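Okay, thanks for making time, everyone. Let me put the model up and then we'll walk through the sheet.

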Amino acid sequence: MSQSYLIRSVEPSDAAAIHRIKTAPGVYPDTLQLPHQPLSVTEKQLNERPANIHHLVACADGEVVGSAGLIVNEGMRVRHSADLFLVVRDDWQGKGVGGALMRAVTDLADNWLGLIRIELKVIHDNARAIALYEKFGFEYEGRLRQEQLRAGKLEDVLVMGRLNWPGRAEA
């Protein structure tokens, strides 16, 4: 039986929990986060969150165990698209947290924000994340060579996208 998670909007009081996730040794190497980021950076991000960022958290037993969201593009001609971000606490990876967050984020994008395109970047060797994104309709769109520095080595990053055209099924 799979665990169910409470998915809710992030609150400024979640800063310490999100900071723990983003700076964990099993998480930050596959993100753009630095290993020794101060808590104040996360607090500032949550306290000053712009309206175009829709940030959700997954909770289990009252604890924040994952975080995901959409950064909706604000330009006049790209408002139909957003960038996706997702992190899961290292001791909760592989337990359905990412899937629960992806269901919530894609529902938000499709049914509440009217987004047509969601895009993301993922390090080329993060097979678990790539499989999760593919399960939710993301497709490989390109490879950015030596895009991200990780532990002293430049790594390739994959660009993935998901399109959801309204009325696509009827066409």
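So, β2 and β3 run antiparallel, and eight bridges join them. Strands here are DSSP E runs of at least two residues, helices are H or I runs of at least four, and both are numbered from the N terminus; two strands pair if DSSP finds at least two bridges between them. Within that pairing, L56 has A68 in β3 as its bridge partner. The two strands make a hairpin with two residues between them, and D61 in the turn has a positive phi of about 50 degrees.

Quick caveats: this is a predicted model, where local features need pLDDT of at least 70, side-chain atom pairs count only at pLDDT 80 or more, and totals for chains, interfaces and linings use all residues. Residues are numbered from 1 along each chain as its sequence is written, and side-chain values use heavy atoms, with hydrogens and water left out.

On its other pairing, β2 meets β1 in the antiparallel sense over four bridges, with L6 opposite C59 in β2. How many of β2's eight residues are buried? Six, so to speak mostly covered, where buried means under 20% relative accessible area, exposed over 50% and partly exposed in between, with a 1.4 Å probe and protein chains only.

Zooming out, the sheet is open, seven strands with mixed pairing, in the order β1-β2-β3-β4-β5-β7-β6. β1 (6-9) and β6 (139-150) are at the edges with a single partner strand each, so one side of each has no neighbour in the sheet.
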